[in-house]
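Please examine the structure shown below.

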Amino acid sequence: MNIRVVATSVPKSEQSVLARFPGEKTSGVRTDGGKIYVYEEKELPVHPTEMSLSEIERMRKSAGQYAGVCYMPHDFDAILNELIGKSMDRANMTLNSGHHSVYDHVRITLCLEDIPKFLAMILNNEKDYSTSEKSARFTKSKPTGVELEMYEKWCAKFEKLIYAKYGKVKYFDEKRIRKLAQENARYMISSFMTTTMVYTVSLRQLNYICNWLEELSRGDDKLSELVAPYAKQFVENIKKSGYRIEELQDGKGRSLSLIGKRVRNEQWGEMYSANYMGSLAMLAQAQRHRTIQYEMMLPEMESYFVPPILETEDLRNEWLEDMSKVSRNGIITQGRLVHINERGSYENLILKTRERLCTCAQLEINDSTNELINRYIKSTDDEFVRSELEKIQGKARCASGFKCTTPCGFAEGIDLSRIV
């Protein structure tokens, strides 16, 4: 795994006027730009000039400045122009006191190359963050061994099946058919297949995640054992980059949120908690809805998602047999079904439908979201919630109030009856 720092949110200041020498004390009155700032006399740690600070020191200094807002006697300009040592003192104080939220103002953008897909899923389940990830739906995957054999085999099969079913429909041009074939064939690929993603996160969250990954590496369940080598490599890369701050520890007993520890109860009120089965590929799509909470547990009995375009029993059996061939090598495929718990508010579920009830969405998550709406309507005792959900029931987003800028005109996509 290769990790490169692409950008940070900390500007390189030109405050060289604030340089001072070791042992110098600050006191009296200083005027800048017509504003008067009064400083108390105090011995401060010394950094001769702003430009002499390292990247991580400038991040810590910025956090110290933001921490000063709560009690500032003047305005924010005074904090920006205060002596560097004063900001660093405040940064150290908040660091040691556990008041770490000021470190969330500092953002880091990383390019994660050759990161296993499942580790990417772990990162993408922690809020808040931004991710741009290479898509296995829209780009051709490059697995090896038996995965490559099955991926290539099923890419070809799906192209023929999709063309036979929808080839005369205007929406399905040659490029779209090829992309949909790739989307379905990738169920055969390992969940640890490497990918590339650009990942933006705060300095605090990055360090908390490192703590949680270290904890995960000590786990004795199957998933933890599989992830452990990559988790250790991630943490080691962050240490080498200089952004690991040992004092930035969570301190609240939290851990990584993706891997569940118990089966949760279902509920269907203003807030909902729903349990269902879905593939790892679908879960990777779903967890990108950052206002909704997702957990997963790996069942002991292996089972796999079967794409609905495989309409005959012979095709379905062939698919499951090939899935078993891949899995016999100890590979957890992206088509492996897992127990999923989804929790959130009904409003945020409606927002989810504004992306997932669409012809352009992955079919599995389209169908899963539609089924969840149906279950919610059937199970809730809240008449208002039921009436809100009924407005979108059984319809693509463009048929329930969403204004689509690129309408597909595909009838089976709009009425949610498509099979690819």
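This is a predicted model: local features need pLDDT of at least 70, side-chain atom pairs count only at pLDDT 80 or more; totals for chains, interfaces and linings use all residues.

**A guided reading of the model**

Helix H6, which covers residues 174-185, contains 12 residues and reaches 17 Å from its first C-alpha to its last, close to the 16 Å expected at 1.5 Å a residue.

Attention may now pass from a helix to a loop. Arg 244 is located in the loop between helix H8 (222-241) and strand S7 (267-268). Is this arginine, Arg 244, buried or exposed? The relative accessible area of Arg 244 is 12%, and the cut-off for a buried residue is under 20%; Arg 244 therefore counts as buried.

The surroundings of Arg 244 can be described through its partners. Its side chain forms a polar contact of 2.9 Å with the side chain of Asn 211, and another polar contact, of 3.1 Å, links the side chains of Arg 244 and Glu 214. When neighbours within four places in sequence are left aside, the residues in contact with Arg 244 are Asn 207, Cys 210, Asn 211, Glu 214, Val 235, Ile 238 and Lys 239.

H12 and helix H13 (residues 383-390) meet at an angle of about 150 degrees, and their axes lie 9 Å apart. How are H12 and H13 oriented to each other, roughly parallel or roughly antiparallel? Angles over 145 degrees count as roughly antiparallel, so H12 and H13 are roughly antiparallel to each other. The crossing in which H12 passes H13 is left-handed. On the H12 side, the contact is made by Ile 373, Tyr 376 and Ile 377, while H13 contributes Val 385, Arg 386, Leu 389 and Glu 390.

These details belong to a chain whose secondary structure comprises 14 helices and 10 strands. Taken along the principal axes, its C-alpha atoms fill a box of roughly 85 × 50 × 40 Å. The chain has 420 residues, of which 49% count as buried. As for contacts between residues at least 6 apart in sequence, 78% join residues at least 24 apart.

Conventions:
Residues are numbered from 1 along each chain as its sequence is written. Side-chain values use heavy atoms; hydrogens and water are left out. Helices (H or I, at least four residues) and strands (E, at least two) are DSSP runs, numbered from the N terminus. The expected span of a helix is 1.5 Å times one less than its number of residues. Buried means under 20% relative accessible area, exposed over 50%, partly exposed in between (1.4 Å probe, protein chains only). A polar contact is a pair of N or O atoms within 3.5 Å; within protein, one must be able to donate a hydrogen and the other to accept it, and residues adjacent in sequence count only if both atoms are side-chain atoms. Contact means heavy atoms within 4.5 Å. Axes are lines fitted to C-alpha atoms, for helices over the stretch in contact, and angles run from 0 to 180 degrees between N-to-C directions. Angles under 35 degrees count as roughly parallel, over 145 as roughly antiparallel, 65 to 115 as roughly perpendicular and the rest as oblique. A crossing is left-handed if the near helix is turned anticlockwise from the far one by less than a right angle, and right-handed if clockwise.
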